[in-house]
Amino acid sequence: MSAQTATPSTTPTGDRTPDGGAAPGWAVLGPGGIARRFLSQLPASTGTLVAAGSSSPDRAQAFADEAVEHGFADVRAGEYDAVLADAAVDAVYVSTVHTGHADLVLRALDAGKAVLCEKPLAPNHGTAMALVDAARQAGLPLVEAYMYRFHPQTAALLDLVREGVVGRVTHVDASFAFRSGERSGRLFDVATAGGGILDVGGYPVTMAAAVVQAATGVAVAEPVELSATGTLGPTGVDEWTVAHLTYRDGTTASVRTGVRVQDENAVTVHGTRGRIVLTDPWTLSADPTITVHTVDEDPRTLSYAGAEPYAGAEPYALEADATTAALASGAVEAAQMTLDETLATARTLDRWRAAIGLRYPFEAETADVPTVSGRPLRVRDDAPMRYGEVPGVGKRMSRLVMGVDNQPDLAHASAIFDMFVEQGGNVFDTGYIYGGGVLEGRLGRWIQNRGIRDDVVVITKGAHTPYCDPESLTRQLLESLDRQGTDHADIYMMHRDNPAVPVGEFVDVLDEHRRAGRIRVFGGSNWTPARFDEANAYAAANGRHGFEVLSNHFGLAEAYDVPWDGCEHATDPASKRWLEERQVPLLPWSSQARGFFTGRAAPGDTSDAELVRCYYSDDNFERLRRARELGEQYGVPATAIALAYVLHQPFPTFPLFGPRTIAEARSSMTGLSVELSPEQVAWLDLRA
């Protein structure tokens, strides 16, 4: 096995500052064991330690005293707020227990500091999503401290993969597991998100993703399939677990982690022509090496110990420099570990934990999950929301309606619902069948946790096929209210119609529930205009309340079919005339045509059969072209123009949207800022 010196592609900053000016000032928040490792390598960076913060002034002072041994004199010690208020601090390294990260990250961003946060950024994707959003809104760097991602050995591995040294990558095997002698401390405490997956399981997960990204050229690789087995110990945390991942291109990965079993802690990349082996991928000793085995040549070992300019490269120093370099350049992330990669990692770790049945008590569906900031929920002063009214509801309603159908857990739901409220949203749409009832309960728990039932409008839907009859309607309504922990629905809509049932029978039972106070306003989802009129004619003739709202598919793209049986659209000219004449409030679903305006649709791309079936036509592609053209004028995406089109109809509209992430929600909400004239609305709809 021959050894040779390699020259990887990335260059560490060395002892120079990113902008040639004064050394960036660092503060350490949470002076524990890993913070001391960071401290030992910080002298190799461009920065200097100026402060240490802790909830214990004594611990902070002890850390400041130790810093002298590493060449950092006059390090100020204090509690967190005092450190964050220090003008000499440019960046902070957050190294508390996992559950302490979110609070300090938000406080640091509020104080205008760049943040390097130990992994995992947060215990779950919902919290991580809120932190990433805060960094992007603040325009400040937030970097998750997977320090190996910043080391030249990792860069060299990824270059070898890109160059196809072992052919097409087929499988990645990666592990990080160790045996802890005692079942005590933070690693074995469910209250501090202990266990192997969150402590070190992210290392093999992020390595596998980085390899797939290098092999395929995608910016973020996230497994499309994940299965896992493992053991939960007596304290409730994962002590050993193996996960099997499959990526979109077919590459597979086996990743292992644990806190009670010692593993080899190596990485092997398998390809069609050989394999690449890293025996020290994580701790990165003084002489890290990569061994390449291929069918074309004898095994060769690449060493980075003496290769200029990597001699003495320290991963903690490199991640610190990447963070301050991002700050100097005005970036919100480091290229070596982007925010989208952080979010993909958080989702993957959530799925890994779910696969072995690990959910921490503070994440339970019955938990009182607070806001990520810990502060009371309030509408921001700069909230962009528009408002309208539906007679009978008795509350002002946000024109955008949050769909309660894309939130995988309470932490995720809490984060995205909180953001919606902060932006002025207050209307939520749920249904009896969504998630088998779990999603209704999740919404209800969040509302109870926030204490805002009187401030929000909840749309509840029931009587879905095949249980679309008066008896099922009553049973489902009562069950929905019980799940939500409330005594009424602000708006109740039948989720489907059943023409085999005389319309008067539905009107009678809905009117009864309204008079009993269980419903404020009722209507139909996926009802034809003719059947809607028939219901109201019966109501008028028999002294009943009538249907007052409709929820059909409506948007800029004309629908030629619907995605599910029993659905109805209102995109045809006759339906639009009916809505304008009746002035019926419309709560349209799929107002952005299920991704037609996001860039997923192109005349030559027929990979999405449903999109093709429902929306592909020359007219709709012309609508898409016009939305893009107008979007360029307004500086917003075509999806925002599509939403603005719905909001500027000559009848009241409250479009439903179902963002899976905070980023998707913000993208859709840009449509709230767009003002369209009647002429522009007609032009978008090909009527001018």
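The second largest cavity holds a volume of about 70 Å³. Here a cavity is a set of points, on a 1 Å grid over the protein atoms alone, where a 1.4 Å probe fits but cannot get out; grid points are joined across faces, edges and corners, and the volume is the space filled by probe spheres set on the points. The model is a predicted one, in which local features need pLDDT of at least 70 and side-chain atom pairs count only at pLDDT 80 or more, while totals for chains, interfaces and linings use all residues. Residues are numbered from 1 along each chain as its sequence is written, and side-chain values use heavy atoms, with hydrogens and water left out.

Lining this second largest cavity are 13 residues (lining means having an atom within 4 Å of a point), with Pro 120, Ala 122, Glu 144, Ala 346 and Leu 349 nearest its centre. Helix α9 provides the largest share of that lining, 5 residues; helices (H or I, at least four residues) are DSSP runs, numbered from the N terminus. Sorted by class, the lining has 8 nonpolar, 3 polar and 2 charged residues, where Ala, Val, Leu, Ile, Met, Phe, Trp, Tyr, Cys and Pro count as nonpolar, Asp, Glu, Lys and Arg as charged, and the others, Gly among them, as polar.

Searching the whole structure turns up 2 cavities of 30 Å³ or more.

As for pockets, a pocket is an open set of points with protein on both sides within 12 Å along at least five of seven lines. The second largest pocket has about 740 Å³ of space. Its lining runs to 25 residues, and nearest the centre are Asp 133, Ala 134, Arg 375, Arg 380 and Glu 422. Two or more lining residues come from each of α4 (101–110), α5 (125–138), α10 (410–422) and α20 (662–669), with α5 giving the most, 5 residues. The classes here are 12 nonpolar, 4 polar and 9 charged.

Elsewhere, Pro 470, Leu 473, Thr 474 and Leu 477 in α12 meet Glu 505, Phe 506, Val 509, Leu 510 and His 513 in α13, contact being heavy atoms within 4.5 Å. These contact residues divide into 6 nonpolar, 2 polar and 1 charged.
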